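Student: Can you walk me through this one? I have the sequence and the picture ready.
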Amino acid sequence: MAQTVETLAPVKQQIDIVTELPGPRTLALQRLSEDYEPVTFAHGQVPFGFRRGSGAFVEDVDGNTFLDFTSGVLVANIGHGRSKVMEKIEQMARDQEITNSYNFLNPYRPALARLLMETVPDYCADLRVGKAFILTTGSETVEWAMAMAIRHQGQTGHPEKKRIVAFEGAFHGRTAGARHAGGIEGVSAGYGMDIPDIVHTPFPDLYRPKQHADGRAYTLQDYIAGIQGIDAGSTAAVIFETYQGAAGSRMFPAEYLQALAAWCKRNGVLLIVDEVQASFGRTGKFYAFEHYEVQPDLLCLGKGISGSVPLAAVIARREIIASQGGMSSTWGGNILSSAVALETIKVLIGEKLTENAARVGAFMERRFRGMMDRHPTLGDSRQMGLVGGLEIVTDRASKAPNPKAAERVVMGCYRKGLLLIEPIGLGGNVIRIAPPLVITEDQAGVGIDILDGVMAQVEAE
Ligand SMILES: Cc1ncc(COP(=O)(O)O)c(C=O)c1O
């Protein structure tokens, strides 16, 4: 008889490798993917066939249990297989609830919009009384935020303000506008549809600073002075990620963001904060922009908002969003997704997972800093709550990216049951740390011990 989920034992709460890696079912999946899907699906990541999960652990299709430092690319903030969410899905199936309603009313979408508005911090008084437009993907939220900003400028007497300023090294998604707002060359190269109204400004990188013509390294003050170089007269909005994810978990200096926000306010330029990746507790605050006390005019949300089903949202100040038309999408505010997002956010808040992210994140940060004493190839460790990046370099003096070593570390960890995302960063050399927010210190410690041991092995080779 075929085994069903009900007859399976609970997912183990420890690493347990029971087959050769990859196991036979994973290999079969990989062959199927190779034949029928783009190459990134079969070979982008280590060969792991997701099946089920519980908390911070995921079981593959061969029955191997891994500790998850990916959260399924930063979505499973509340952990895997959460019963509250599963029960909601079961109840909806049992009651034959309809799962999509386009922009007709349904009981979940407006309730989710209200809950989202309630999560906006009090100090953002204008945004808190705004509205939420519920969509499906993070890329869509970026498209809409940029479009709304430009339209709002036009409607309020500033049709000349139609440019978007984004950051070098940014990643905002893969639809045309989002791709071009992204400042990583490979994401848009060759795909055409240039958008000249999107321009880029330097990211205030203090680890690998830009150089002046005379070879001096940029200081924070130089980067801040550079803000004045943006042409306010033609700029509708500035968009930034609260930390740059794909560029290698690069954190903004707080002083820079505060200066940018003040400049935007003085010049009638709107601030679009892209927290598709950073929000819902991940950084140790519910929203990462709270670390900097800046106030977004438009806020892009996704990933951890719904944990396991596709949902994303743009929140905007009321006067920006209220006057816009043409806002709907077939799947936007999908009933199933909205119901799951409501449960997910309630679990996040009820279980104080943001606080856990801050606590366990601080523990991980201390451990990674300690590893820097032992590992000459660990160039930098950047951590904010439960998101981080480990820079793997050839040596600390040159800071030259070492993508081969980073790949070997990711693969070495895989062989020991620690699941990591493929290396990220502009040099392909940064190991991304992103466990579910339910992870305990002990579990995080097990993962770090594996990383520590594998890095020592790779350095010895
Ligand atoms: C900061 C940021 N913005 C936007 C996106 C795009 O989201 P999606 O893949 O859901 O379109 C991502 C995805 O990784 C992201 O990290």
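Student: How much of the chain is buried?
Tutor: Of its 461 residues, 49% count as buried. A residue is buried if 20 or more other C-beta atoms lie within 10 Å of its own, exposed if 12 or fewer, and partly exposed in between, with C-beta atoms placed from the backbone. Keep in mind that this is a predicted model: local features need pLDDT of at least 70, side-chain atom pairs count only at pLDDT 80 or more, and totals for chains, interfaces and linings use all residues. Residues are numbered from 1 along each chain as its sequence is written.

Student: How many helices and strands are there?
Tutor: The chain has 16 helices and 16 strands. Both are DSSP runs, numbered from the N terminus: helices are H or I with at least four residues, strands are E with at least two.

Student: And why call the chain as compact as a globular protein of that length?
Tutor: Because its radius of gyration is 22 Å, close to the 23 Å that the globule rule gives for 461 residues. That radius is taken over C-alpha atoms, and the rule is 2.2 Å times the number of residues to the power 0.38. The C-alpha trace spans about 65 × 65 × 45 Å along its principal axes.

Student: New topic. Which residues are closest to the ligand?
Tutor: G138, S139, G173, V276 and Q277. In total, 14 residues surround the ligand. To be counted as near, a residue needs its C-beta atom, placed from the backbone, within 6 Å.

Student: How does that shell divide into nonpolar, polar and charged?
Tutor: Four are nonpolar, eight polar and two charged. Here Ala, Val, Leu, Ile, Met, Phe, Trp, Tyr, Cys and Pro count as nonpolar, Asp, Glu, Lys and Arg as charged, and the others, Gly among them, as polar.

Student: Which element gives the largest share of the shell?
Tutor: Helix 7, residues 138-155, with three residues.

Student: Is helix 7 enclosed or open?
Tutor: Largely enclosed by the rest of the structure, because 14 of its 18 residues are buried. Helix 7 reaches 26 Å from its first C-alpha to its last, close to the 26 Å expected at 1.5 Å a residue. The expected span is 1.5 Å times one less than the number of residues. After helix 7 comes G157, with a positive phi near 90°.

Student: Which other residues have a positive phi?
Tutor: Q96 is one of them, at about 50°, although it is not a glycine. Q96 sits in the loop between helix 4 (83-94) and helix 5. E293 is another non-glycine, with phi near 55°. Its loop runs between strand 10 (270-275) and strand 11 (298-301).

Student: Are those buried or exposed?
Tutor: Q96 is exposed, with 6 other C-beta atoms within 10 Å. E293 is partly exposed, with 13.

Student: Where is the cis peptide bond?
Tutor: It joins L21 and P22, with omega about -10°. P22 lies in the segment before helix 1 (24-36).

Student: Last thing, the open sheet. What is the strand order?
Tutor: Four strands run 1-2-3-15, with mixed pairing. Two strands pair if DSSP finds at least two bridges between them. Strand 1 (50-54) and strand 15 (418-419) are at the edges, each with a single partner strand, so one side of each has no neighbour in the sheet.

Student: In which sense do strands 3 and 15 pair?
Tutor: Parallel, over two bridges; strand 3 covers residues 65-68. D68 stands opposite L419 in strand 15.
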